[in-house]
Amino acid sequence: MSSKACLYLIPVPLSGAGIGQMSTEAIATAHRLNFFISERPKTSRKWIKDIGHPLPQSQITVIDIADISDNVVFNNMVQLLGADTDMGLLSEAGMPCIADPGYELVAQLSQLGHKVKPLSGPNSMMMALMASGMPGQNFTFHGYLSAKKEELREELIKISKAAKSTGFTQIFMETPYRNKQVFSTLLSVSPQEMKLCVAASIGAPNEAILTSKIKEWRKLDLNSFIDHPAIFLLGA
């Protein structure tokens with residue numbers, strides 16, 4: 001049986017950005033919660049402090065989402081929801097459940113009849129698409145690609161072909177320390193006339209967003225995009 005309690009999906013600022021990216025609704029909701037599920041509890045506790053949560057840290061529970069796989073932890077959480085304890089689900093950066101852990105928890109709780117409410121906030125994929133100048137009517141989001149060099153090469157070839165054959169904007173993301181490998185592979189396998197947009201450190205003071213053809217990217221200094229959280233977009 002469902003309860004009146006709710007799991008709030010609370011977007012947090014993107015990496016390097018400030019709490020100004022957050023909606024007033026998200027901050028107000030977080031202020032009245034004392035139970036959070038998080039991808040990285042240490043980072044989340046800092047965020048909770050940054051938004052000026054009215055409760056001391058000692059009265060706030062933050063559990064690692066990885067621990068939810070333990071039946072005891074999950075059942076305890078469900079019991080709290082059944083006792084009308086609202087909770088917040090937090091990402092490491094941006095929106096929960098988008099290329100991010102949490103969707104399985106949302107599915108489980110929804111199946112059990114518990115309410116889930118998404119709140120508005122920053123999303124690096126959508127912000128990159130907005131700034132890319134590429135079609136936003138049709139797009140495909142691939143999340144993170146393979147870390148293995150040969151598999152990455154094959155995936156990028158397929159994505160480049162899909163961009164050309166469908167006309168859909170192709171979007172994927174990468175962790176900072178693998179950007180150099182992605183650039184090297186992408187610039188070697190994609191057609192020279194294909195458009196590439198890279199949006200790095202979105203919302204941060206060092207934000208860098210550029211759209212150009214592959215042949216032009218090969219001539220550029222890539223230092224502004226290497227070792228920064230980035231979204232890659234390919235278009236015909």
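The largest nonpolar core of this predicted model holds 24 residues, of which Phe 172, Phe 183, Leu 196, Val 198, Trp 217 and Phe 232 touch the most other members. A nonpolar core is here a set of buried Ala, Val, Leu, Ile, Met, Phe, Trp, Tyr and Cys residues joined through side-chain atoms within 4.5 Å; buried means under 20% relative accessible area, exposed over 50%, and partly exposed in between, with a 1.4 Å probe and protein chains only. At least two residues of this core come from each of α6 (149–166), α7 (179–189), β8 (195–200), α8 (214–217) and β10 (230–235). Helix α7 gives the most, with five residues. Helices (H or I, at least four residues) and strands (E, at least two) are DSSP runs, numbered from the N terminus.

With residues up to four places away in sequence left out, Phe 172 touches Phe 141, His 142, Gly 143, Leu 145, Leu 156, Ile 159, Val 182, Leu 186, Ile 231 and Phe 232, a contact being heavy atoms within 4.5 Å. A second, separate core has 18 residues, including Ala 5, Met 77, Met 87 and Leu 105.

Residues are numbered from 1 along each chain as its sequence is written. Local features need pLDDT of at least 70 and side-chain atom pairs count only at pLDDT 80 or more, while totals for chains, interfaces and linings use all residues; side-chain values use heavy atoms, with hydrogens and water left out.

|---|---|---|---|
| α3 (71–82) | Phe 74, Met 77, Val 78, Leu 81 | Val 72, Gln 79 | β1 (6–10), β2 (35–38), β4 (87–90), α4 (103–111) |
| α6 (149–166) | Leu 152, Leu 156, Ile 159, Ser 160, Ala 163 | Glu 150, Lys 158, Lys 161, Ser 165 | β6 (139–144), β7 (169–174), α7, β10 |

Helix α3 has twelve residues and reaches 16 Å from its first C-alpha to its last, close to the 16 Å expected at 1.5 Å a residue; the expected span is 1.5 Å times one less than the number of residues. The buried residues of α3 are Phe 74, Met 77, Val 78 and Leu 81. These residues lie on the same side of α3 because they cover an arc of only 100° around the axis, the arc being that of the directions from the helix axis to the C-beta atoms. At the start of α3, a side-chain oxygen of Asp 70 comes to within 2.8 Å of the backbone nitrogen of Val 72. Just after α3, Asp 84 has a positive phi of about 65°.

Leu 152, Leu 156, Ile 159, Ser 160 and Ala 163 are the buried residues of α6. They are placed on the same side of α6 because their arc around the axis is only 100°. Just after α6, Gly 167 takes a positive phi of about 80°.

**Ser 190**

Ser 190 lies in the loop between α7 and β8. Ser 190 counts as buried because its relative accessibility is 4%. Its side chain makes a polar contact with the side chain of Ser 160 at 2.8 Å. A polar contact is a pair of N or O atoms within 3.5 Å; within protein, one must be able to donate a hydrogen and the other to accept it, and residues adjacent in sequence count only if both atoms are side-chain atoms.

**The whole chain**

The protein chain has eight helices and ten strands. Buried residues make up 45% of its 236 residues.
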